[in-house]
Amino acid sequence: MVSGGTYGTEDIVHGAGYLRGILILLLTPVIWSLPTAFMIGELSSAIPAEGGYYAWVRRAMGNIWGFQEAWLSLVASIFDMAIYPTLFVAYLTRLVPWFAMGHRGVMVGLAVVIVCALLNIAGVKVVATTSLWLFALLSAPFALIVLLAPFKFGALTNASTTPGTTHIGIMGGFMIAMWNYMGWDNASTIAQEVERPQKTYPRAMIAAVIVVALSYILPVAAMWMTGIHPSQWETGSWADLAGLVGGPLLRVALVLGGMMSAFGMFNSLVMSYSRLPLAMAQDGMLPKVFGKLHSKTRVPWVSILVLATGWALCLGLGFERLVTIDVLIYGCSLLLEFLALVFLRIREPNLPRTFRVPGGLFGAVMVGVVPMAMLGYSVYSGDHEQILGMSAFTFGLIVIGAGFVFYATHALVRRGQRSQGDSAVVEAERLA
């Protein structure tokens, strides 16, 4: 759920260059991912509930903020989930340019959405097994790049790949690095379907930070040795770079790996996001139909189908635009999670916590300071991106405000239903 391999890092090198790009890839997990992993490790070990971060925020701060947490996460998922079919098509067109013509790419992306929805309806174990095998397969070509690149030391200084069209700068690269290193809370929504979650989650989080960072940094550092200019990097160019290092077979392997990466990420995140409407339906915050489970696999099939429809509607938006709005909205939901960590420390100090963020209450507060500062800077820097004719920041404010409007509407409907129920009881008693 956190990483689909090294794919998606190309624009970081294009925008920041090799040295600064590697520094970004090295520092981002330390100051962005690790604090988040610590926070999730404590909350998931203390409250291993279906719905994960939604359940944490609701318990710590009340129904209205629990609703906002779920709302922001689901809206962010609409943009986040459209990224992976977009990447799938970007790599496919490197191998077969025919798919770049007309609406063929969008149709391929739609096929990815449909297949992953069906796999998720088949059950959690199917998704987990598929994702693990895909991760192993897609990582193999990058391991070959790391091994072969030293033999091309300085040999690709004047080499060129497919002409680039990206105009991403260093801040764009920084935003993409944040996107590549986010999503740690997604695994929390299936806590009730994980064995020994109190011990499993903290170990998995810390191990994943290390594995993901290495999978990003080592291949980039290896290509730096070849001397190829950073301007040759853009979304999907890992395939061309692999061809320069290891020939056409490695190029094809990278293309197939990129497609598997996008497919695997999308597949696993369907599992995560679909549990939010389920948990909200169980709490009475969404219609009961979202709580319907498949008779055999016990997965929320209605939630999966409804969300898949929303994700499909965003296919065709550009990669950078999707990343920008995804980081902005996701960051707001992450802020609520860090606040839930502090609120629960104050309100429920005796809550059993198998894993704790070190440093007491001060540590619980400080662990969220740097990630939130990074988020604020990214909001400021990404304000130039336009969405529906407005700045990304303005669009984000509208999305956040809409969450409160939906909650108020829901509360009024529930209040009306209770009033009608009370009136019916009074009338029945009068008639009796």
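The expected span of a helix is 1.5 Å times one less than its number of residues. Helices (H or I, at least four residues) and strands (E, at least two) are DSSP runs, numbered from the N terminus. The model is predicted: local features need pLDDT of at least 70 and side-chain atom pairs count only at pLDDT 80 or more, while totals for chains, interfaces and linings use all residues. Residues are numbered from 1 along each chain as its sequence is written, and side-chain values use heavy atoms, with hydrogens and water left out.

**View 1. Helix H11 (residues 301-313) and its packing partners.** At 1.5 Å a residue, the 13 residues of H11 should span 18 Å, which agrees with the 19 Å between its end C-alpha atoms. Val302, Ser303, Ile304, Leu307, Ala308, Gly310 and Trp311 are buried in H11 (buried: under 20% relative accessible area; exposed: over 50%; partly exposed: in between; 1.4 Å probe, protein chains only). These buried residues pack against H3, H4 (104-121), H9 (248-273) and H10 (275-282).

**View 2. The largest nonpolar core.** A nonpolar core is a set of buried Ala, Val, Leu, Ile, Met, Phe, Trp, Tyr and Cys residues joined through side-chain atoms within 4.5 Å. Helix H3 (residues 63-95) gives the most to the core, with 17 residues.

**View 3. Surroundings of Trp238.** Trp238 is buried, with a relative accessible area of 0%. Beyond its neighbours within four places in sequence, its contacts (heavy atoms within 4.5 Å) include Thr6, Tyr91, Ile145, Met223 and Leu254.

**View 4. Aromatic pairs around Trp233 and Trp238.** Rings of Phe, Tyr and Trp (its six-membered ring) pair if their centres lie within 6.5 Å; planes under 30 degrees apart count as stacked, over 60 as edge-to-face and the rest as tilted. The structure holds 10 aromatic pairs. Tyr18 and Trp233 are edge-to-face, 5.9 Å centre to centre with 85° between the planes. Tyr18 lies in helix H1 (residues 10-46) and Trp233 in the loop between H7 (197-226) and H8 (238-246), 215 residues apart. Phe142 and Trp238 are also edge-to-face, at 5.1 Å and 90°. Phe142 is in H5 (residues 124-148) and Trp238 in H8, so this pair ties together parts 96 residues apart in sequence. Ring pairs link Tyr18, Phe142, Trp224, Trp233 and Trp238 into a cluster.
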